[in-house]
Amino acid sequence: MHLGFNKDVHDLKRLAGHIKEAQPDIICFTGDIVDSYAEDLTESVPVLAGLSAPLGKYAILGNHDYKNTELLTRLLNEAGFRVLRNQSYLVKQGGASIAVTGLDDMLHGKPDPQAALKDVPEGVFTLLMMHEPDYADTVEAYPFHLQLSGHSHGGQIRLPFVGAAYTPYGSNKYISGLYYTDKKRMPVYVNRGFGETYMPLRFMCRPELTIFTLRRA
C-alpha cells in the first residue's frame, strides 16, 4: 500500500470497498504497508478493522516497514491482522486445515523458513507470504505449496516491448503475475500492489487486487 507516499486513508477506503465486495475468506497483505513511517498507518486502522474475513486477516512486513516494526505491528493487530514473522497459523474448517506462513523480510529481517514451519503438520497445504518474490528459489526446498509476494510493483513503470524499466533487488526474476520455480515448480504469484514509491505515478502497470480461489487437487 505504501501509505504516506501518494496514498492515504481516502485511497485505502476505495481499496477496502473492493475487498468487501469480493467477500474473501482470507485476506493477505504481503508487505510495504507504509512507505516509511508506521505512524502513516494510524488514520487507516479503522478502515482495515472494517474488513471482514472469516478465516483470518494476515500480514507480513516489507522492506519499507522496518523503521518502527513494533508500532506498525501493534496498529495492524488493532485492525485485526495477525502479523506473521517466521511464523505459521493453522486455519481450520470442516475438519480440514491449511497453514498460512509469513517470513521476515529478506532485506531488513532474517527469514527463517525452518522456524516458520516447526508447528505445521506434515502434509498440510501451506500458503507462504514472502515480500521479495525471488526468495522463492530458496524456499522451494521447503514444503510450501504457493508463494504470494509483492515488492516489485510490477515495475511500476513499464515500457512497450521492454516491460519493467526497473525492479528492486529481490524481484529481478519474478516481477508480475504467476510463475513457477525451476526445480519444484512451486507457483509464485507477484502482486503489482496498490501504492507507489519514489515516483508518484505508474505507467502501463495498473494497481492490482488479486483474488484467488483454492480448490482441492
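**Group meeting: cores and sheets in a predicted model**

A search of the whole structure turns up 0 disulfides, a disulfide being a pair of cysteine sulfur atoms within 2.5 Å. Before I go on: this is a predicted model, where local features need pLDDT of at least 70 and side-chain atom pairs count only at pLDDT 80 or more, while totals for chains, interfaces and linings use all residues. Residues are numbered from 1 along each chain as its sequence is written, and side-chain values use heavy atoms, with hydrogens and water left out.

Cys205 counts as buried because its relative accessibility is 3%, and Cys28 counts as partly exposed at 26%. The cut-offs are under 20% relative accessible area for buried, over 50% for exposed, and partly exposed in between, with a 1.4 Å probe and protein chains only.

Next, the cores. By nonpolar core I mean a set of buried Ala, Val, Leu, Ile, Met, Phe, Trp, Tyr and Cys residues joined through side-chain atoms within 4.5 Å. The largest one has 29 residues, and those with the most contacts inside it are Met1, Phe29, Leu41, Leu48, Leu72, Leu76 and Phe81. At least two of its residues come from each of helix 1 (9-22), strand 1 (27-29), helix 2 (45-49) and helix 3 (69-78). Helices (H or I, at least four residues) and strands (E, at least two) are DSSP runs, numbered from the N terminus. Which helix gives the largest share of this core? That is helix 1, with 5 residues.

Apart from this core lies another, of 16 residues, including Ala116, Met130, Tyr135 and Met186.

Back to Leu76. Setting aside neighbours within four places in sequence, Leu76 is in contact (heavy atoms within 4.5 Å) with Ile33, Leu41, Leu48, Ala59, Phe81 and Val83.

Finally, strand 7 (146-149). Parallel to strand 7 run strand 6 (125-129), joined to it by 3 bridges, and strand 11 (187-190), also joined by 3 bridges. Leu148 stands opposite Met129, and Gln147 has Val188 as its bridge partner.

Notes
Two strands pair if DSSP finds at least two bridges between them.
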